[in-house]
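Please have the sequence and the coordinates open while I talk.

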There are 2 protein chains.
Amino acid sequence: MADHVDRRQALIRAAFSAIAERGFEGFRLRPIAASAGIDHSTLHHYFATKEDLIAAVLEHVTSQLEGTMRTDMEPAARLRHHLDAIAAAIVERPELFVVLDELDLRARRDPTMAVDVRRDEQGWRAALSALFEEGNEQRAWSVDVDASVELVIATLKGIRLHPDTAAAVVRQLCDLFSSGDAS
Amino acid sequence: MADHVDRRQALIRAAFSAIAERGFEGFRLRPIAASAGIDHSTLHHYFATKEDLIAAVLEHVTSQLEGTMRTDMEPAARLRHHLDAIAAAIVERPELFVVLDELDLRARRDPTMAVDVRRDEQGWRAALSALFEEGNEQRAWSVDVDASVELVIATLKGIRLHPDTAAAVVRQLCDLFSSGDAS
DNA sequence: TACTGTCCACCAAACAGTTGGTTGAACGGT
DNA sequence: ACCGTTCAACCAACTGTTTGGTGGACAGTA
């Protein structure tokens, strides 16, 4: 039983790495199975179809990205903390965001993937909304909540593929929010 | 001769559409050739290899995106004009940006594609740098030039796949730049 | 006018390799 | 005897690319 779970995890991690390195364009089952030390037919014992394996990879990526938002700080500090955390993750584990981009692109075509990706983003979006609303109430700034949320998400999705600029970009974004206000 | 060029263009357009709709994951030569009304083997008369066709698509996309930056306006107005133009393009021709993202992702693995993509971005980056520097000199704002350039690029790359939020995001970004300053 | 050679666009067929997925038989533990 | 796990062998479909050959347009030559 533990073996089963372990091997499943090994397959998911192998699939994740393969997508990070070659994208879905070159994503094949046989090499995945081989790097887990089993035949490709045995892989179907753990994941009935290729799509099932990909869905598991999506879940794996999502689980790695939860919990960078805190609730025990002032809005401005919380924003900076959150952005710093993601920027650090982009630098330290860029593959995570490459795969995420690949999944985002795929969600445009596969409705099943679309709902999963959308669901994950929903939580993030809600946390950011709460953050900006709290900042408005405390007069820390005065901004359009929805537009600000989208701006932050757009920025983070944009730097996803460029780890080297991540730190500078999030600092610039934080400075803009803390130095001015925009309705 | 004109026939040759026409058919070449038809193939490039067909390839572009295919990538926009299915991504590189499902990008196959036979359907491309079929939608241009020729046999897949004849396609190799126009493009020796699959990679050659993809390179032509990259060039096609790039040529569509040049010239949204003007030089006859004040920095703040120029920034807003440029961002509005790109936001409008994202809404009107989202496929252009989907393919661009696909190419960006591909550039991470294919060095040949990487240099082409990098070269295109270079021009854009230079224009933005000039814009922010001019704004600093004229005291329109006081910002870190490099970080601001990266922020704009990151934002635009981030909204690339989400046409519905494009307008709100660029407005928010412009407002932040015009209401405050950040070093 | 008729014949010749050259060039180009084109296709049918085949190439050799790969794809995701299935089957049946074997193995080890309970 | 049973159950979960494993694999070799296999399948049909498909991959990018190559080959051999057809037919038409054009220019030069007799």
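Predicted model: local features only at pLDDT ≥ 70, side-chain atom pairs only at ≥ 80, totals over all residues.

The surface near DNA strand C is made of two nonpolar, eight polar and five charged residues, where Ala, Val, Leu, Ile, Met, Phe, Trp, Tyr, Cys and Pro count as nonpolar, Asp, Glu, Lys and Arg as charged, and the others, Gly among them, as polar. Residues are numbered from 1 along each chain as its sequence is written, and chains are lettered from A and ligands numbered from 1 in the order in which they are written.

In total, 15 residues surround DNA strand C, and the closest are Arg28(A), Ser41(A), Ile38(B), Asp39(B) and Ser41(B); a residue is near a strand if its C-beta atom, placed from the backbone, lies within 6 Å of it. The elements that contribute two or more residues here are α2 (29–35) and α3 (40–46) of chain A, together with α1 (2–22) and α3 (40–46) of chain B. Helices are DSSP runs (H or I, at least four residues), as are strands (E, at least two), and both are numbered from the N terminus.

Turning to the fold, chain A has nine helices and zero strands, and its C-alpha trace spans about 60 × 30 × 30 Å along the principal axes. Chain A is divided into domain 1 (2–60) and domain 2 (68–179), with bounds that come from an automatic or database domain assignment. The centres of these two domains, taken over C-alpha atoms, are separated by 29 Å. Six residues of domain 1 of chain A are in contact with eight of domain 2 of chain A, contact being defined as C-beta atoms, placed from the backbone, that lie within 7 Å. On the domain 1 side, the largest share, three residues, comes from helix α1 (residues 2–22) of chain A, and that side divides into five nonpolar, one polar and no charged residues.

Now the interface between the chains: 38 residues of chain B are in contact with 38 residues of chain A. On the chain B side, α8(B) gives the most, with 12 residues, and by class that side has 16 nonpolar, eight polar and 14 charged residues.

As a closer look, helix α8 (residues 145–159) of chain A packs with α9(B) at an angle of about 95 degrees, with axes 8 Å apart; axes are lines fitted to C-alpha atoms, for helices over the stretch in contact, and angles run from 0 to 180 degrees between N-to-C directions. The two helices are therefore roughly perpendicular, given that angles under 35 degrees count as roughly parallel, over 145 as roughly antiparallel, 65 to 115 as roughly perpendicular and the rest as oblique. Residues making this contact include Leu151(A) and Ala154(A) of α8(A) and Val169(B) and Leu173(B) of α9(B), and the contact as a whole divides into six nonpolar, three polar and three charged residues.

Technical notes: Contact = placed C-beta atoms within 7 Å.
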